Amino acid sequence: MTRSGVVCTPLRSEWAALYGAVSAPVIRTARGPRHRYSGAGAGPVAVAGVAGALTARLRPGDLVVADELRSSTSEFPSSAAVLLHGELLRLGLPAHLGPVFSADRVVTGRARTELADSGALAVDTESAFLAADAPGGQAVALRAIVDTPDAPLVHPGTAWRGVRALRSLRAAGPALDRWAAATGEREVVLAGPRSFCAGVERAIEIVERTLRRFGAPVYVRRQIVHNSHVVDELSEHGAVFVDELDQVPEGGVVVLAAHGVAPAVRRQAEARALRVVDGTCPLVSKVHAEVRTFAAAGNTVFLIGHSEHEEVVGTRGEAPAEVIVVADPDEAARVHPPDPDRVAYVMQTTLATAEAEATAAVLRQRFPELHAPRKDDICYATTNRQHAVREVARQTDLVLVLGSRNSSNSLRLAEVAAAEGVRAHLVEDAGEVELGWLAGTRRIGVTAGASAPPHLVDDLVRALSGLGTVQVRRTTVTEENVRFNLPREVS
């Protein structure tokens, strides 16, 4: 069994700063690279102390969490660094994440400049050496800045800066406590399917191909898919995300997002002579076509979904006078169409299956002549991921869902898991996982919404492995092999 984490402080002043602020074991190891601590290799280790900044953007009292621990002879990854860093930010502390270099003596002058050029944020004389005694990846280092490039260690203000750094170190005590409580062996159960669906892969590929064909900038109306990581990565390659088409220069190239748009948006694009590449998911296009068909036949169309969601806004735009948005069974029980005998329903594709069916059941009971879609509107990927997370929730103590908060399908995954009686949290990435959730938790389920990149799952598993040995198991309810064709503009 992995031992609970211990905190090492090289200097007496560092130990004193954490005394009483940390309930986890705090060990003084002494200054320099030759000193170790008892129990080497038995479990995770946190090194806490002061350091010198290598970049001018760090100020005295800032905290640095090392995502990599370097020395002249070795480099160690710090897998759980992102978790500790996130905890410090939630405490409101000025925390930075990046490499820390450990030297065998105090570094000044030219040598310090060379370290800065390597990308390291700070330098100390112990962290990497103590990390060598921890199991692979299970060391974290937290350093409070004393001196900076424009305020060197030998300086009249050093004493004041030292006090400020030690105060910051003490303020970080609760985060170190939560790190220690979260350490230990655990099992991670991965839900399958998870992460990108065929519609999201198609939408991202459309933007990438449009950039290659037409060159930057390529404008994208709204988020191409509801995930900040996807948006940030495409932005780095030249995609410009706008809220409305009047922000696109006349004649520009614009990609319509996967959630679909109302016909009025397409007319606006035509009026502005924009070159349009349609990224609408084919499953969303199907729902648009259903609305047009039902409305043309003289039906009032109940659109089961959330009124503010972009997909619902676009779908409703197909026939605004004939569409009534119905959010839940309560609204379904109150709705009054002009002609109860000429009604139909469609669904937002990213709803929870049980939620949508409960609403549809009320409508069917109230309106015997209700027309339904020939095939289910709920996206196959949404359904599959909900089945998978439900199965994982039954096997675990905690479920973590990776996805953005404006992602409907990701929100539904967290709700489906919670409905099974397990603690469930939606997080943007590993940095949003709170260490307090992990204390005493030995089986964690992990999934990702259909718009969340697969690497976020890998990053999270790696971060958890920094707290102790992790056994990974997969639970797959079905395999997906769906592929959608690309629009002719980029095919």
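Select His 226 and Glu 310 to begin, since here the side chain of His 226 makes a polar contact with the side chain of Glu 310 at 3.2 Å; a polar contact is a pair of N or O atoms within 3.5 Å, where, within protein, one must be able to donate a hydrogen and the other to accept it, and residues adjacent in sequence count only if both atoms are side-chain atoms. What you have open is a predicted model, in which local features need pLDDT of at least 70 and side-chain atom pairs count only at pLDDT 80 or more, while totals for chains, interfaces and linings use all residues. Residues are numbered from 1 along each chain as its sequence is written, and side-chain values use heavy atoms, with hydrogens and water left out.

**Around His 226**

Stay with His 226, which is placed in the loop between β10 (218-221) and α8 (228-236); helices (H or I, at least four residues) and strands (E, at least two) are DSSP runs, numbered from the N terminus. His 226 counts as buried at 5% relative accessibility, where buried means under 20% relative accessible area, exposed over 50%, and partly exposed in between (1.4 Å probe, protein chains only). Leaving aside residues up to four places away in sequence, His 226 touches His 259, His 309, Glu 310, Ser 404, Asn 406, Ser 407 and Ser 451, contact meaning heavy atoms within 4.5 Å.

Next, select His 309, found in the loop between β14 (300-304) and α11 (310-316) and buried, with a relative accessible area of 11%. Not counting residues up to four places away in sequence, the residues that His 309 touches include His 226, His 259 and Ser 408.

**Strand β12**

Move to β12, where Val 253 and Val 255 on one side and Val 254 and Leu 256 on the other are all buried, so that both faces are covered. β12 pairs with β10 in the parallel sense over 3 bridges, two strands being paired if DSSP finds at least two bridges between them. Within this pairing, Tyr 219 stands opposite Val 254 in β12. Strand β13 (residues 275-278) also runs parallel to β12, joined by 4 bridges, and Val 255 stands opposite Val 277 in β13.

**Salt bridges**

Finally, turn to the salt bridges, of which the structure holds 28, each being a side-chain nitrogen of Lys or Arg within 4 Å of a carboxyl oxygen of Asp or Glu. Select Arg 143 and Glu 14, whose closest N and O atoms are 3.8 Å apart; the pair links distant parts of the chain, 129 residues apart, with Arg 143 in strand β8 (residues 139-147) and Glu 14 in helix α1 (residues 12-18). Arg 143 counts as buried at 0% relative accessibility, and Glu 14 is buried with a relative accessible area of 1%.
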